[in-house]
Amino acid sequence: MKLTLRQLYDKMHEHMGPSGWWPAESKEEIICGAILIQNTNWQNADRAVANLRASTGFDPKKLHTLTISQLQELVRPAGFFHNKSLAIQTVFDWLARFDFDYGRIATTYRAQLRKALLDLHGVGQETADVLRVYIFDQPAFVSDKYARTLVSHLGAGTYKSYQDLARHCQLSANFSVADAQDFHGLIDEFGKQYFRGKDRFDDSFLATDRLVL
């Protein structure tokens with residue numbers, strides 16, 4: 001069956017239920033988690049997240065006052081702690097300029113928000129879109145590795161990089177922020193179930209479907 005992105009999301013939601021993503025208790029935790037998960041696994045990232053929670057409670061002002069050496073020690077379990085600590089510091093310096101008012105930031109930048117995020121040290125394509133979706137309430141498609149693998153299996157082309165798919169895959173106007181958040185979570189949960197280790201896509205409920213971009 002041929003599916004649009006909207007129909008793909010609806011089918012995944014129907015079969016899998018709500019994803020509950022992003023799994024965090026605050027926007028500040030999501031920001032840190034999105035940076036810490038880069039180039040590592042959830043287990044390592046979670047250890048660093050736990051350190052930050054114990055130290056700051058994810059109070060944005062407390063996070064902002066941490067020195068770079070303090071941040072490095074806290075995020076060390078996530079690896080690449082020099083770059084990740086600098087990224088967290090840079091992002092929270094930027095947020096502090098707006099008094100951590102996320103709605104004000106979204107209103108200020110609007111369509112230019114993605115570019116503004118990409119200008120920050122340590123914020124790449126995927127992290128920028130995750131922050132748009134989960135922090136600033138802008139619906140967007142997160143073209144991560146699981147998304148690229150799924151799109152390929154659904155016969156909509158092969159995309160080697162994040163930006164390759166991002167250029168071709170845009171959410172339609174009938175996607176709400178909640179839909180966009182859930183869609184990313186469902187794709188990643190699907191990927192963990194069917195693409196991790198042995199490829200089991202042919203056993204999935206999407207095996208006979210095709211995606212039309």
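**Figure 1. Contact between helices α1 and α12 in the predicted model.** From helix α1, the residues Leu5, Arg6, Leu8, Tyr9, Met12, His13 and Met16 meet Asp179, Asp182, Phe183, Leu186, Ile187, Glu189 and Phe190 of α12. By class, the residues of this contact comprise nine nonpolar, one polar and four charged. Helix α1 spans residues 5-16, and its axis lies 10 Å from that of α12, with a packing angle of about 65°. Because angles of 65 to 115 degrees count as roughly perpendicular, α1 is described as roughly perpendicular to α12. The crossing of α1 past α12 is left-handed.

**Figure 2. The largest pocket of the predicted model.** This pocket has a volume of about 620 Å³. Its lining consists of 21 residues, of which Ile37, Thr40, Glu126, Asp144 and Asp188 are the closest to the centre of the pocket. Three helices each supply at least two residues of the lining: α9 (125-134), α10 (145-153) and α12 (177-194). Sorted by class, the lining of the largest pocket holds eight nonpolar, seven polar and six charged residues.

**Figure 3. The second largest pocket of the predicted model.** The space in this pocket amounts to about 170 Å³. Its lining is formed by Arg114, Asp129, Arg132, Pro139, Ala140, Phe141, Gln163, Ala166, Cys169, Gln170 and Leu171. Two or more of the lining residues come from each of α9 and α11 (162-168). Six residues of the lining of the second largest pocket are nonpolar, two are polar and three are charged.

**Figure 4. The largest cavity of the predicted model.** Rolling a probe the size of a water molecule over the atoms shows where empty space is left. In the whole structure, one cavity of 30 Å³ or more is found. The largest cavity contains about 40 Å³ of space. Around it stand Ala140, Phe141, Val142, Leu171, Ala180, Phe183, His184 and Ile187 as lining residues. Seven of the residues that line the largest cavity are nonpolar and one is polar, with no charged residue.

Methods: Residues are numbered from 1 along each chain as its sequence is written. This is a predicted model: local features need pLDDT of at least 70, side-chain atom pairs count only at pLDDT 80 or more; totals for chains, interfaces and linings use all residues. Side-chain values use heavy atoms; hydrogens and water are left out. On a 1 Å grid over the protein atoms alone, a cavity is a set of points where a 1.4 Å probe fits but cannot get out, and a pocket is an open set with protein on both sides within 12 Å along at least five of seven lines; lining residues have an atom within 4 Å of a point. Grid points are joined across faces, edges and corners, and a volume is the space filled by probe spheres set on the points. Helices (H or I, at least four residues) and strands (E, at least two) are DSSP runs, numbered from the N terminus. Ala, Val, Leu, Ile, Met, Phe, Trp, Tyr, Cys and Pro count as nonpolar, Asp, Glu, Lys and Arg as charged, and the others, Gly among them, as polar. Axes are lines fitted to C-alpha atoms, for helices over the stretch in contact, and angles run from 0 to 180 degrees between N-to-C directions. Angles under 35 degrees count as roughly parallel, over 145 as roughly antiparallel, 65 to 115 as roughly perpendicular and the rest as oblique. A crossing is left-handed if the near helix is turned anticlockwise from the far one by less than a right angle, and right-handed if clockwise. Contact means heavy atoms within 4.5 Å.
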